[in-house]
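Here is a friendly briefing to read with the model open beside you.

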Amino acid sequence: VVGSAKNVILLIGDGMGLEHLEAVKAYYGLDSLYMESMTDRYFEVTTASRDSEVTDSSASSTALSCGLKADNKTVAFIDGQNVENMSEFVDKNNMNMGIVVTEKVTGGTPSSFASHSSSRSNAVNVFDGYMSSGVDLFISQYNKDTLSSTRENTIIEKGFTRINSVADLTTNCYSADKIFATDTEFAGYGEEGASLKDASIFALNYLKQKNDNGFFAMIESSHIDKYSHSGDFEEMAEEVRAFDETIKAVIEWAKQDGNTMVIITADHETGGLVYNPGDNFDDDLFKTKEHSGVNVGLFIYGLDENDFKDRTIVDNVEIGQLIRAYITNYKSARTLICKIDRDELLQELVRHYLFD
């Protein structure tokens, strides 16, 4: 790996397979989606977990967060031990971090980015991990079972500003030390301003102004998986289209920033969707209600041309490893530049003292 980036944004379409993309393009009469046409490189991704050819979200998110294979149902936890998750890596590098998901905050995908547990079902462990992590921003769908009155009190005690509507996330919130926002209507398009696109752009602006050390953001369109499990094609298609609009807004933001890498992928495929031209756009396109082991897509903006060179297929752990490498390379380069600048300054002072 030779590339580097100050900021890294990972967008995950939960359950979004390659056939999902083909069907959605046909449904809306599109030649291509933004994620396909405006990113630098495209790959397919293998997603098997350590103990199964068909992964679940927590094992896949462990691969993306930690760069390691884990068993299904586990959260950044391998062979009885916690492994360094993304929030711990980011904190070690003095960066900021945000998590934006349209599902409940303790869901399988976000969990491995900022917590640890031997079981993804243990919401207590996952939530407690969040509260002790260095994550600056959580935005999720409201879930009353996850956010009991005790946990609401804990959120405030841990220094988070509690916000109950995505529409209330404005520049007035930039002064908040940490933010924990939920919304009952939060989805891809959402209702009353509770869209993934709006929440994502707020998150990026908020994280950027926190300090100058860079940030990592994980953004998930969670309902693609939900509607694929239930076999609801039209709702799934709407969520994929909204996710693509979010991706467009994020990449435009990254272009303006000039030092941000954007990675788009899926944790796994859901529904075994198969689309052939001329098929009816209905629920019969789904062949199962569960996850499948087929490859998913990977689209990257800001990838160095020498990385993954001559590759068409990568494994999901390589995405997690790539994120860490790009951040590490950027930090190392900045340290070297600062050292060179310091050494040149000292030399100039010596010359001035001796000869001027």
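Let's start with tyrosine 206, which is buried, with a relative accessible area of 0%. Do keep in mind that this is a predicted model.

- Across the whole structure, the search turns up 15 aromatic pairs.
- The pair of phenylalanine 202 and tyrosine 206 counts as stacked because the ring centres are 5.9 Å apart and the planes meet at 15°, which is under 30 degrees.

- Tyrosine 275 is buried at a relative accessible area of 13%, whereas phenylalanine 281 is partly exposed at 29%.
- The rings of tyrosine 275 and phenylalanine 281 also form a stacked pair, with 5.7 Å between their centres and 15° between their planes.
- Tyr275 and Phe281 are members of a cluster that ring pairs build together with Tyr27, Tyr28 and Phe233.
- Tyrosine 28, a member of that cluster, has arginine 241 over its face, at 4.5 Å from the ring centre.
- Phenylalanine 127 has an arginine over its face as well: arginine 151, at 5.6 Å from the ring centre.

**Helix H3 and the cysteines**

- Helix H3 spans residues 57–66, and ten of its ten residues are buried.
- Among the buried residues of H3 are Ser57, Ala59, Thr62, Leu64 and Cys66.
- Cysteine 66 has a relative accessible area of 7%, so this residue is buried.
- After H3 comes glycine 67, which has a positive phi, near 70°.
- Cysteine 173 is another buried residue, with 12% relative accessibility.
- How many disulfides does a search of the whole structure find? The search finds zero.

**The largest pocket**

- The volume of the largest pocket is about 190 Å³.
- Its lining has 13 residues, and those closest to the centre are Asp14, Glu103, Ser222, Asp225 and Lys226.
- Two helices, H5 (108–114) and H9 (223–230), each contribute at least two lining residues to the largest pocket.
- Which helix gives the most to this lining? H9 does, with four residues.
- Sorted by class, the lining of the largest pocket holds eight polar and five charged residues, and no nonpolar ones.

**The second largest pocket**

- For the second largest pocket the volume is about 160 Å³.
- This pocket is lined by 13 residues, and Glu185, Ala187, Gly190, Glu191 and Tyr227 are the ones nearest its centre.

Technical notes:
Residues numbered from 1 in each chain as written. Predicted model: local features only at pLDDT ≥ 70, side-chain atom pairs only at ≥ 80, totals over all residues. Heavy atoms only, no water. 1 Å grid on protein atoms, 1.4 Å probe; cavity = no way out; pocket = protein on both sides within 12 Å on 5 of 7 lines; lining within 4 Å. Points joined across faces, edges and corners; volume = space filled by probe spheres on them. Nonpolar A, V, L, I, M, F, W, Y, C, P; charged D, E, K, R; others polar. Disulfide = S-S within 2.5 Å. Buried < 20%, exposed > 50% of the residue type's maximum accessible area, 1.4 Å probe, protein only. Phe/Tyr/Trp six-rings, centres within 6.5 Å; stacked < 30°, edge-to-face > 60°. Lys NZ or Arg CZ within 6 Å of the ring centre and 35° of its normal.
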